[in-house]
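Please open the model in a viewer and keep the selection panel at hand.

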Amino acid sequence: MSEEISEKNKIDVIVVGAGPAGVSAAITIARGGKKVVLVERGSFAGSKNMYGGVIYSHAAKEIFPNFEDNAPIERFVASHNYVLLSENSSTIISYENYEQEKNAFVAIRAKWDKWCVEEAMKEGVYYAPETLVKELILKDGKVVGITTDIEDYYADIVIIADGVNSLLAKQLRLRENIKPKNVALGVKEVIKLPAEIINNRFGLTNEKGAAYELVGGPLEGLFGLGFIYTNKDSVSIGLGVSLEDLKNKKIKPYELLEKLKSHPAIAKFIEDGELLEYSAHLIPEGGYNCIPKLYTDGAMIVGDAAMLVNNVHFEGTNFAMISGKFAGETALEALENNDFSSNMLCLYKKKLTNSFILKDLKTYKDVISVLSSRTDSFLNYYPSKVNEFFGIFTTADGQEKRAKFVKFTKDFFRKRSLAELFKDAIAGIKLVFGILK
Ligand SMILES: Cc1cc2nc3c(=O)[nH]c(=O)nc-3n(C[C@H](O)[C@H](O)[C@H](O)COP(=O)(O)OP(=O)(O)OC[C@H]3O[C@@H](n4cnc5c(N)ncnc54)[C@H](O)[C@@H]3O)c2cc1C
C-alpha cells in the first residue's frame with residue numbers, strides 16, 4: 001500500500017475486490033477528488049475472475065467513456081445466436097443488427113480487469129493487490145475498516161465488492177450462506193484457434209464476433225444454458241447450470257461440458273483447437289428475491305456480492321459496474337456531508353431502485369422459479385420438438401407428409417399429457433404477465 005495510507009492507516013474509502021463492481025466504485029470516488037484504496041486478493045485484477053465473455057457497451061462507456069480506443073476488446077458481438085439442440089440436430093435463430101454492432105463486446109477478464117485497474121490508477125485510485133481482506137472492523141456496530149493478511153486499515157466507508165460468495169456481507173449478517181437453488185455453477189474452456197479459422201467457421205468478417213447461447217440437447221433437461229463466444233484468436237465455450245440440479249442429479253459439470261463439446265452442432269466450431277484454460281465459478285441466480293440489504297452504517301454492497309445479476313439477459317458485469325458507480329457517487333455525497341450512517345447510505349439503494357437494475361430484476365423476479373419448475377418442458381422437450389418439426393419439414397423421402405405430421409402430433413400429446421401442457425401454459429402465461437406487469 002502507498003506510504004500515505006500506511007502512515008495513518010486511514011483513508012476516505014476502502015473498496016474490497018477489484019472486479020468490475022469494485023473498480024467502478026473506486027474510479028468514481030477518485031474522480032470526485034476523494035482518497036480511495038482498491039484492495040484485491042489476486043496477484044493482479046482478473047487473475048481470480050472468470051465469466052462467459054460478453055459485456056454490454058453502455059456500462060463500459062459510462063465508466064470508461066473512451067474505452068473503445070484502447071481497452072483489450074476481443075471482438076464486438078455482431079451476431080447473436082440462439083441454438084436449440086436435440087440429440088442429433090439443431091435449430092439456430094440468428095439475430096444481426098447492422099446499425100448496432102457495437103452494443104456488446106467480448107473481453108477476457110484477465111486482460112479487461114487488469115486494464116480497468118490500470119485506468120483507475122491513472123485517475124488516482126490506490127491499488128493494493130495480493131491483499132486478502134479477512135474481515136471488517138466494526139466499532140459500535142458501524143463498519144470502520146478492514147483486517148487484511150498484512151495489517152488493519154481504516155476508512156469512513158467500506159464498499160464490499162468481493163463477489164458472489166461475499167464473506168464480508170455474511171460477516172455483517174446481510175447475507176446468508178448461498179443456497180444451491182440460488183446459484184448456478186459455470187464451467188468454461190478457452191480453446192485456441194487461428195483468427196482466420198474462427199472467421200470462417202462462424203461466418204465473421206474482420207474483427208466482428210459472435211455469441212451463441214445453447215439450449216437443451218446435451219444439457220439433459222437441467223436448469224441451465226451453454227454458451228460459445230468468439231475471442232480474437234480463441235473461442236470460449238461453457239455452461240452455467242443450477243447447482244441444486246447438479247447436486248440432486250449427481251452430474252459433474254465438466255462431463256456435461258464434454259458432452260456439449262462433442263455435439264455435432266458445437267464440435268465443428270472447436271475442431272483441432274488447443275485447450276488454453278479451464279475454469280469454474282458460481283453465478284448468482286436468485287434475482288430480486290435474493291438481494292440482501294444493500295447498506296449498513298459505514299458500508300455498501302455492490303455487484304455479485306449483492307446478487308445483482310439478470311440471468312435471462314446475461315447481465316452481470318454491467319450491473320456490477322453501474323452498481324459500483326452508484327455506490328461511489330453515494331460515498332462522495334456521504335463524505336461531503338460527513339455522514340456515513342445508514343440514513344445517508346440508503347441513497348445507494350434509491351439510485352439502484354430508480355435505475356434499470358432493480359427495475360429489471362423486479363420485472364424478472366419470478367422468471368427463475370417459474371422456469372425452474374418447468375425446466376424439462378422449456379429447456380428440453382420443446383427444443384427437441386422444434387428440431388423434430390424441422391426434420392420433417394426439410395425431408396423429402398418418398399413418404400407422405402400428412403402421416404408424418406399426424407404421428408408428430410400424436411407423439412407430442414402422448415409424451416406431454418394435457419395436465420402437463422396446462423402447467424406449461426400457466427407457466428408461460430405467468431412469465432409473460434409477470435414480465436408485462
Ligand atoms: C460462467 C459465467 C459466465 C458469465 N457470463 C457473463 C457474461 O457473459 N456477461 C456478463 O455480463 N456477466 C457474466 N457473468 C457474471 C459476471 O461475471 C459477474 O456478474 C461479474 O463479474 C460481477 O462482478 P463483481 O465485481 O461484483 O465480482 P467479481 O468479478 O467476482 O470480483 C470480485 C473480486 O473480489 C476479489 N475478492 C474476493 N474476496 C476478496 C477478499 N476477501 N479480499 C480481497 N479481494 C477479494 C476477487 O478476487 C475478485 O477480483 C458470468 C459469470 C459466470 C461465472
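**Stop 1: Thr-28**

Select Thr-28, which is found in helix 2 (residues 20-31); helices are DSSP runs of H or I with at least four residues, numbered from the N terminus, and strands are runs of E with at least two. This is a predicted model, in which local features need pLDDT of at least 70 and side-chain atom pairs pLDDT 80 or more, whereas totals for chains, interfaces and linings use all residues. Residues are numbered from 1 along each chain as its sequence is written, and side-chain values use heavy atoms, without hydrogens and water.

Thr-28 counts as buried because its relative accessibility is 13% (buried is under 20%, exposed over 50%, partly exposed in between; 1.4 Å probe, protein chains only). Beyond residues up to four places away in sequence, Thr-28 touches Lys-325, Gly-328, Glu-329 and Leu-332 (contact: heavy atoms within 4.5 Å).

**Stop 2: the ligand**

Next, select the ligand and the 34 residues around it, of which Glu-40, Gly-52, Val-54, Arg-109 and Asp-304 come nearest (a heavy atom within 4 Å). Strand 15 (274-284) is among the elements that each supply at least two residues of this shell, as are helix 2 and helix 11; strand 15 gives the largest share, three residues.

Now display the polar contacts (pairs of N or O atoms within 3.5 Å). A side-chain N or O atom of Arg-109 is 2.7 Å from a ligand oxygen. A polar backbone atom of Val-133 lies 3.0 Å from a ligand nitrogen, and a backbone N or O atom of Gly-316 is 3.2 Å from a ligand oxygen.

Methods. A polar contact is a pair of N or O atoms within 3.5 Å; within protein, one must be able to donate a hydrogen and the other to accept it, and residues adjacent in sequence count only if both atoms are side-chain atoms.
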